[in-house]
Amino acid sequence: MCGIVGYVGGKAAAPVLLKGLATLEYRGYDSAGIAVWHNNKIEMVKAAGKLQVLRQLTDEGQSVPGFMGIGHTRWATHGEPSDVNAHPHLSSSGRFAVVHNGIIENYQQLKNRLQRRGYEFVSQTDTEVIAQLVEYYYNGDMLDTMIKLLNALEGAYSLGIICLDDPEHFYAVRQDAPLVVGLGQGENLIASDVAALLAYTQEVYYLDDREIVVLAADKVEIYDTNRDAVEKQAQHIDWDVSAAEKGGYEHFMFKEIMEQPDSVRKTLSPRLQDGQIKLDDFNIDVERLANFRKIYIVACGSSYHVAAVAKYILEEATRIPVEVDIASEFRYRGPIIGEDTLMIVISQSGETADTIAAMREGRAHGAHVLAIVNVLGSTIAREADDVLYTWAGPEIAVATTKAYSTQLAVIYLLALKFAGLLGRLTEQEQAECYQALVNLPEQLERTLQDKEKIQFLASQLYNKHSIFFIGRNLDYAVAMEGSLKLKEISYIHSEAYAGGELKHGTISLIEPGTLVCTLATCDRLIEKIKSNAEEVKARGAYLLAVAVEGDERLAGIADAIFYVPKTLPWLQPSLTVIPLQLFAYYVASQKGCSIDQPKNLAKSVTVE
Ligand code: F6R
């Protein structure tokens, strides 16, 4: 989704903006632009296409002097990706420049009203309405203007605004869209996420909705809509700038795949203490847990696939019914929620619009919301009743890998904690699970060592047009993730099916040479999935399998097998998914795809 950067300070603003926007490229975009205040003028340069175009147009920022500016990468929603629709947008008189992330739902009404008053529009965007509206409300007092603006706009947005009359300040605000303030030495910044700030500062303010920020080089003031000053506590971000850089790897995705043992270790180890599971501030006791009659797990995309794994595990661990839902469906289907509902929301970014809306729906109906989130201070982290962070560090590649793995790790912790509280595991079983968790990072390391074999297979199979992933139980849930990984970065059509479901229709698509990847790590269901594998093999499929080391039951049927280390059944998904991530990566690499920024995709989906 769109990225925003704003800067005021002692450095030339344009190169800072370009560098910040480069850090936000991973969010997905199709045009970019900057506006810089200089000598009583707002200099604006913007263009469709990648940042490289903007860099050339501005001579790496050198041709746009000035010490205060705003920049933007746009992921088109209203109007095609084009020079004129790119941000920033200027008001008619050129007095205001605006960058915007999100969607203004009532933009058409506002536009009609402004047009009746003689305002002329040059773009098809909802953002231009904001620029014109600021001009319409402006009475010399920017704070007053910002308050009027907030009262007029409906929808989700974060904004950066500069005003020609004010060479020393720029303004920012957020409503249901991400925006962070970076506090530097003699310079201050805003950005859609902290990754863009790390080169300048690790001290940030997380904003609440409708807080108005006034940034100068030497101070940052925040006001509420009553014009009262808001006192904020600065937060220190542990991530350093190298965490958001490639560090010698060709792609962020590969770096993040290889970081998984470490990210999982960081997520697990502070919570594994002397044989006990410690869940940070989530104080759950047996009485409270036993009061929950239902658990909903709600998320989008890969986070939803973690939910799919979690359903099997948490239901077995608690015998409390667990329903998993895609957030965009949950929020509109009138789910049955009450005070006896535990709602678990899972999100890497903590800013996914549908997941936020689903969480609010749950809370409004009395559910207790536990969030599993990667980004500190994100909307979901701030609004949930309890948070368990995944300590994956910044995830830059659009296709998630380490966030998925750390989300799974948190699910295991929950399952073990809940099962222990409810007396559903013997002491010995608990000790075994605990030890299996301790061993998991090392097993991940071992699984990743086999990558060349997968690379070789990818080089043989990358020209397939369609791939099916099948599995049963937890393997089915992992199959969904394997299929999504492949299609999102390699653009090969792929589908995931529960092994037993294939013959109810989809098997008609299997023909000689069709690639089917069979996940066969669920010990008690191997014979069942083996039959499904035989069925597709009999129709000429090329059969790839993932099995646990030492299990030869698929050996006579599969054309190729990836072996993964054996762990306890609950934890197996963490290892099974690794060859699927690597396969997707190497196939996309063979095809020369844009791996870190696949077409049409955005890292953090902040619109509905
Ligand atoms: C796929 C992927 C997406 C996200 C989804 C939810 O590789 O990354 O499907 O999982 O957009 O995002 P978060 O977890 O930030 O809510």
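Q: By class, how many nonpolar, polar and charged residues does the lining of the largest cavity have?
A: This is a predicted model: local features need pLDDT of at least 70, side-chain atom pairs count only at pLDDT 80 or more, and totals for chains, interfaces and linings use all residues. Residues are numbered from 1 along each chain as its sequence is written, and side-chain values use heavy atoms, leaving out hydrogens and water. Ala, Val, Leu, Ile, Met, Phe, Trp, Tyr, Cys and Pro count as nonpolar, Asp, Glu, Lys and Arg as charged, and the others, Gly among them, as polar. The lining has 13 nonpolar, six polar and seven charged residues.

Q: How much space lies in the largest cavity?
A: A cavity is a set of points, on a 1 Å grid over the protein atoms alone, where a 1.4 Å probe fits but cannot get out; lining residues have an atom within 4 Å of a point. Points are joined across faces, edges and corners, and volume is the space filled by probe spheres set on them. For the largest cavity, that space is about 270 Å³.

Q: Which residues that line the largest cavity are closest to its centre?
A: The lining counts 26 residues. Closest to the centre are Tyr 26, Ser 192, Asp 193, Ser 349 and Val 375.

Q: Between which domains does the largest cavity lie?
A: Domain bounds come from an automatic or database domain assignment. Two domains give residues to the lining, so the cavity lies between domain 1 (3–244) and domain 2 (252–441).

Q: Which strand gives the largest share of the lining of the second largest cavity?
A: This cavity has a volume of about 60 Å³. Its lining includes His 87, His 100 and Asp 126. Strands (E, at least two residues) and helices (H or I, at least four) are DSSP runs, numbered from the N terminus. The largest share, three residues, comes from strand β6 (residues 96–104).

Q: Which peptide bond is cis, with omega near 0 degrees?
A: Look in the loop between β4 (68–74) and β5 (89–90), where Pro 88 lies. The cis bond runs from His 87 to Pro 88.

Q: Between which domains does the ligand lie?
A: The shell around the ligand holds 14 residues (a heavy atom within 4 Å). They divide into four nonpolar, eight polar and two charged. Helices α9 (301–318) and α16 (474–490) each supply at least two. Two domains give residues to this shell, so the ligand lies between domain 2 (252–441) and domain 3 (451–591).

Note on methods:
On a 1 Å grid over the protein atoms alone, a cavity is a set of points where a 1.4 Å probe fits but cannot get out, and a pocket is an open set with protein on both sides within 12 Å along at least five of seven lines; lining residues have an atom within 4 Å of a point.
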